[in-house]
Amino acid sequence: MSTQNKRLKDVEVSFPIVYGTISFWLGKKASEYNSHKWTVYVRSANNEDLSVIVKRAVFQLHPSFQNPTRVVEQPPFELSESGWGEFEIAITLYFHSDVCDKRLDLFHQLKLYPEEEAGPQSTKKPVVVETYDEIVFPEPTEAFFLRVQNHPAANVPRLPPGITLPPPGPMEIVPYEKKRGDTKDHPLSQWFSNFSEADELLKLAAARQQVQVHIAKLRRQLTMIEGMPQQSKAFSVPGQQFRHI
Amino acid sequence: MDAKDILGLPKTPFSSSQEKKSRPPKEPQRKPDGVSREVYALTGGVGMPPLMPTIEASHLKRRPAAEKEKVAWQWLPFTSSARTDNLQLYHWVRVVNGIQPTGDYQFAKYNKRADVLKYTDEEYEKYLVDPAWSKEETDQLFELCERFDLRFIVIADRFPTARSVEDLKSRYYSASRALLIHRARSFEDVSGNPLVKDAYDAAHETERKRALSALLSQTKQQERKDAETLAEAKRIMESRAASKNVDVAVMPPNSDNAMVPVDGVSPSSSTHPSLAHPNTSANILIPNSLRTLRVYLRTHALDQMVQAVGASAGLRVIKRVDQTLQELAVNLKPKVPTKAVCIEHIELRNELLTLLNLQKQLQNKEAEVSANRESSFTEAPSTPKRSNRDIDRPFIPDTSGFTGERAGKRDHKRKSTGRFIDAPPSPPQSKRPRKLKGSD
């Protein structure tokens, strides 16, 4: 058993998460001190069960709330409330003992009123503010790696050469038949945002291509100028060919 | 008369003081007229004290009566208790008042004798047998020690066999030590004796004498050479310590430089850098501050990397990079910060730094060429003009259809207002509102 406490070098396991709030206007029931009903949550980016790593989520609300510190120890890690003010919500994630001893802090600004003037406030369409991030565990223990390497919420890299793990024993086979913890069938899942890595990569690749073209042009001009003082040398410099990516 | 002049007293007030003496009841209370208060206080008020003590003249005539001493030197005989033959000798003696000196010869007290132990034949057979020494040799050694009071240089000179001073000392002291230990009732009785407490070390004494002899026989040239060698060794030690300090000082910049990738990424690897060496690039990019963390967020790591990339550049250059990113319709902070996106983002920032650096170099080259052209009066070719035009124009990214759509969306966001007018009345929007009841 002590062998599985060894840490895996050059290996990192990451869990993409999304945290944020969804707020509904209460319509005719809205009063001066109770105008919106909102839910704050932390979910897996692909709506899988986060309790594989998260043991407890603590939501710190504004001090004016009754019992401003709320603890959620069962998935889904969310909290629903009602009120009228916008404030910053602190979310602290506590992990299981085999995952990590340190906790992780997230901060989210509650938003109740829509930014754009898209018509009158509607009780049917909520205000959704979500943030994508990834929880990274560098050098995980063997036990932790074996436990989560087949979990759909985890991003597990291919092991580098030289590291071989024993095949998981019958005790380590964790059944994923329970679907209570995931947020696929969540009542608010229709409002969850889609975060596309491909779009971001496409924009970055296009920008890099433009910058590289400009760099090549500047280098060619620099080469030509350096050959300028000597006329014969300038003429003998071969022409720079564009290198298309 | 002189005293009055010194004190500055007038003669008339003094006579008036004499008149006042006839009236005793008022004298202590009244100050004489004409005399200032300070002067009257100095005089004491009554009479004039003498200025000098008097000496009887008869004392000056007296002469001290010194007693007369008679000193003579005489040639007198003497004997010494240090000798055993009662030899009588003569010496000059200082005689005072005819008193003859008495007592023993004054230098006899310096005749010290060593307390050399004696052993019986039984004690020798029981405690002092040594294969290296015969009984005859040991007997002679002890006799000579007693006779010459442990002066081993003399004893060695008179010893019949060829034994070194160290050998003689070692034998004498070890034998004496053994006798003392065995004659005592218990070891504690003699443990304080110097012969028992401090054992003689013949080897150490031999080595000490050899080193001393070598040192004393050294020539001046050898001394000078040794001094030069020691000075050179000291310089080497100092330079070595200095180089160690320099290594320690250089270490942090090296580690910082290692995290910054090389300038000018090749175009072939720009398409899929994550596929080429994902682990290698990730390890290179991860700052040292994150390596010790057990868990961290990808956005936090990205912030650290962005700071590391911009560490060598100035604030103005960093702002230029951010501005160019906006013009390229790229998020200053990625919305989907996966590992691949972070790597691409960092590479883009590095390439922008390279671009700005090249622009600066080009401007410097252009200035040099213009200066050379003015001095040499040569006609300018057409190419520099075009390069001038390119330099003057800032880098404007091309707007594709996708980016155009993005720009339009951003314009729309900028025009939007806060809230719809027909919304029901509610308190103004603020980040930190005061809330009385949260759950009502």
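## Close-up views of a predicted two-chain model

**View 1. K102(A) sits in the loop between strand 6 (88–95) and strand 7 (104–109) of chain A.** Helices (H or I, at least four residues) and strands (E, at least two) are DSSP runs, numbered from the N terminus. This is a predicted model, in which local features need pLDDT of at least 70, side-chain atom pairs count only at pLDDT 80 or more, and totals for chains, interfaces and linings use all residues. Residues are numbered from 1 along each chain as its sequence is written, chains are lettered from A and ligands numbered from 1 in the order in which they are written, and side-chain values use heavy atoms, with hydrogens and water left out. Is K102(A) buried, partly exposed or exposed? Its relative accessibility is 46%, so K102(A) counts as partly exposed. Buried means under 20% relative accessible area, exposed means over 50%, and partly exposed lies in between (1.4 Å probe, protein chains only). Setting aside neighbours within four places in sequence, K102(A) is in contact with F95(A) and V295(B). Contact means heavy atoms within 4.5 Å.

**View 2. Chain A has three helices and eight strands.** Along the sequence, the pattern reads β-β-β-β-β-β-β-β-α-α-α. Of the 245 residues of chain A, 46% count as buried. Take the contacts in chain A with a separation of 6 or more: residues 24 or more positions apart account for 70% of them. Chain A exposes about 13,300 Å², and carbon and sulfur atoms supply 51% of that area. Accessible areas come from the Shrake-Rupley method with a 1.4 Å probe; for residues, only the protein chains shown count as cover.

**View 3. Chain B has 20 helices and three strands.** Of its 440 residues, 24% count as buried. Among contacts in chain B between residues at least 6 apart in sequence, 54% join residues at least 24 apart. The accessible surface of chain B comes to about 32,200 Å², with 55% belonging to carbon and sulfur atoms.

**View 4. Ring pairs link seven residues of chain B into a cluster: Y119(B), Y124(B), F142(B), F152(B), Y172(B), Y173(B) and Y200(B).** Rings of Phe, Tyr and Trp (its six-membered ring) pair if their centres lie within 6.5 Å; planes under 30 degrees apart count as stacked, over 60 as edge-to-face and the rest as tilted. Over all chains, the structure holds 22 aromatic pairs. Why does the pair Y119(B) and Y124(B) count as tilted? The ring centres are 5.9 Å apart and the planes stand at 35 degrees, so the pair is tilted. Y119(B) is buried at 15% relative accessible area. Y124(B) is buried too, at 4%.

**View 5. Charges sit over rings in chain B.** The charged end of K135(B) is over the ring of Y124(B), 5.4 Å from its centre. R163(B) lies over the face of W133(B), at 4.0 Å from the ring centre. A charge sits over a ring if NZ of Lys or CZ of Arg is within 6 Å of the ring centre and within 35 degrees of the ring normal.

**View 6. Helix 17 of chain B has buried residues V321(B), T324(B) and L325(B).** These cover an arc of only 105 degrees around the axis, which puts them on the same side of the helix. The arc is that of the directions from the helix axis to the C-beta atoms. On the other side, L315(B), R316(B) and K319(B) are exposed. After helix 17 comes A329(B), whose phi is positive, near 65 degrees.
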